[in-house]
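Biologist: Before I use this model, I want to know what stands behind the words used to describe it. Please take me through them.

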Amino acid sequence: MNQQVSPHTLPALPYADNALDPVITASTIGFHYGKHHRAYVDNLNRHIAGTEYADMSLEDIIRATSGKADKAGIFNNAAQIWNHTFYWKSLRPGGGGEPPAALKEKMEAEFGSVNTCKTVFSAAALTQFGSGWTWLVLDGESLKVVKTANADLPLTTGLKPLLTLDVWEHAYYLDYQNRRPDYVKAVLEKLINWDFALENIP
Amino acid sequence: MKKWILLMVLPALLSLSCSQDGGVSDLRFDPLPYAYDALEPYIDAETMELHYSRHHKAYFDNLVAALKGTPLARQPLEVLLAQASRLPDAVRNNGGGHYNHAFFWKVMSPDGGGVPEGKLGEKIEASFGSFDAFKEAFTKAALSRFGSGWVWLCVAKDGSLFITSTANQDNPLMDTVEKQGKPILALDVWEHAYYLSYQNKRGSYIDAFWHVVDWDAVAAFFEASL
Ligand SMILES: [Fe+2]
Ligand SMILES: [Fe+2]
């Protein structure tokens, strides 16, 4: 048996599994982080063992396989590792509220107000049909909201991700069932990590 | 018992009022053909209730709203879906969502499971080598659909059987898919179809599905397609 050392590991969750409760319960985190996120890591390691991708960084794998139909298995797992790691950081216990001044200014410059920015973000999250992600990104100097399907992510389209929201059903089904709007609203009000978004602005 | 009666009557009333409002002749939100708990322990009652009365109902309502006042509303649903490439997203997604779920309910039954017999059983054996080989191929397609979607057993134009998978609410009737055909069996692999009972274990949900497949219904769809 050729024992391959797994190059990619599951990053630690930046808070306890019950820290986001009740907006996102420990049960949801248990599956989402403990099963889904972990499975993407395990699957990627299995897919790339012994291939040209074995020694690449996660971002290099994502860029090298993006848009290649025959590499979808590698891309999907690599991108989902990246997306989930970024998602956990986009949330924090006691989040939501007013964005820090520097981010607030950018939101006002681009959207007119913080509220309009949040409304545009919510609308993108609610209209992503099927599985996917909603993103606050930098396009050059300006803030934008974009949505992506399945494992797709803004990295591959030249945009700089600032924060993300997972709208795959597994992100909210145990806590909100079909009520995606309630999940999106609660996360924006109580968990979204505006400081993280600001840190990502170069 | 009360829940069952309400379940039978409410959708009938709703569909009546919808046809009158929208003028869409074959667009109906039919009652679920069994009680919410009828497919337990394989599919739990809460999942069935949410799936039928929330998810499916929302697709139906959104479809009615999207068609209202448009010339598209005059066509039968299957004819409409066949032109998916030219449809607005709201009609394609909600039309597919309504058709797929209405079809899905019909190929399951509390008396389901077992092995298909007769013409269909023979056709499956001839097409896939054996029933087990068919199950394996269908399961593989269901496991490898990344994100939301459906898995289908279809009859092609030339009468042959094939397994295919579609993303989101697309289906094999649509001109947007790789291979078009007439569906005779469907499995919903959106996470909402199994998350409350099976969470990340899609494989366990697929295993459970075989216990509730109504092969008589599948055989009827097969024979109607010939
Ligand atoms: Fe997720
Ligand atoms: Fe569904």
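Modeller: Helices (H or I, at least four residues) and strands (E, at least two) are DSSP runs, numbered from the N terminus. By that reading, residues 8-91 of chain A are 60% helix and 0% strand, with the end C-alpha atoms 23 Å apart. This is a predicted model, in which local features need pLDDT of at least 70, side-chain atom pairs count only at pLDDT 80 or more, and totals for chains, interfaces and linings use all residues. Residues are numbered from 1 along each chain, chains are lettered from A and ligands numbered from 1 in the order in which they are written, and side-chain values use heavy atoms, with hydrogens and water left out.

Biologist: What does UniProt call residues 8-91 of chain A?

Modeller: The UniProt annotation, from an unreviewed entry, reads "domain: Manganese/iron superoxide dismutase N-terminal". UniProt positions are given in the numbering used here, feature names are shortened, and annotations may be inferred rather than shown by experiment. For residues 101-198 of chain A, UniProt lists "domain: Manganese/iron superoxide dismutase C-terminal", also from an unreviewed entry. That span is 46% helix and 23% strand, and its end C-alpha atoms are 10 Å apart.

Biologist: Which residues coordinate the iron ion (ligand 2)?

Modeller: B:His51 (NE2), B:His101 (NE2), B:Asp188 (OD) and B:His192 (NE2) do, at 1.9 to 2.1 Å. Angles of 88 to 134 degrees among the four donor atoms make this site tetrahedral. The spacing of its donor residues in sequence is H-x49-H-x86-D-x3-H. Distant parts of the chain are linked here: B:His101 is in helix 4 (residues 89-106) of chain B, while B:His192 is in the loop between strand 3 (182-188) and helix 7 (195-198) of chain B, 91 residues apart.

Biologist: Why do B:His101 and B:His192 count as buried?

Modeller: Buried means under 20% relative accessible area, exposed over 50%, partly exposed in between (1.4 Å probe, protein chains only). B:His101 has 0% relative accessibility, so it counts as buried. B:His192 is buried because its relative accessible area is 1%. In chain B, buried residues make up 52% of the 226 residues.

Biologist: What is in contact with B:Arg145, beyond its neighbours within four places in sequence?

Modeller: Contact means heavy atoms within 4.5 Å. B:Arg145, found in the loop between helix 6 and strand 1 (149-155) of chain B, is in contact with B:Ser165, B:Thr166, B:Ala167, B:Val189 and B:Arg202, leaving those neighbours aside. B:Arg145 and B:Val189 are 44 residues apart in sequence, but 7.8 Å apart in space, C-alpha to C-alpha.

Note on methods
Donors = N, O, S within 2.8 Å, 3.2 Å for Na, K, Ca; no water. Tetrahedral: all angles 85-135°; square planar, octahedral: opposite > 155°, others 65-115°.
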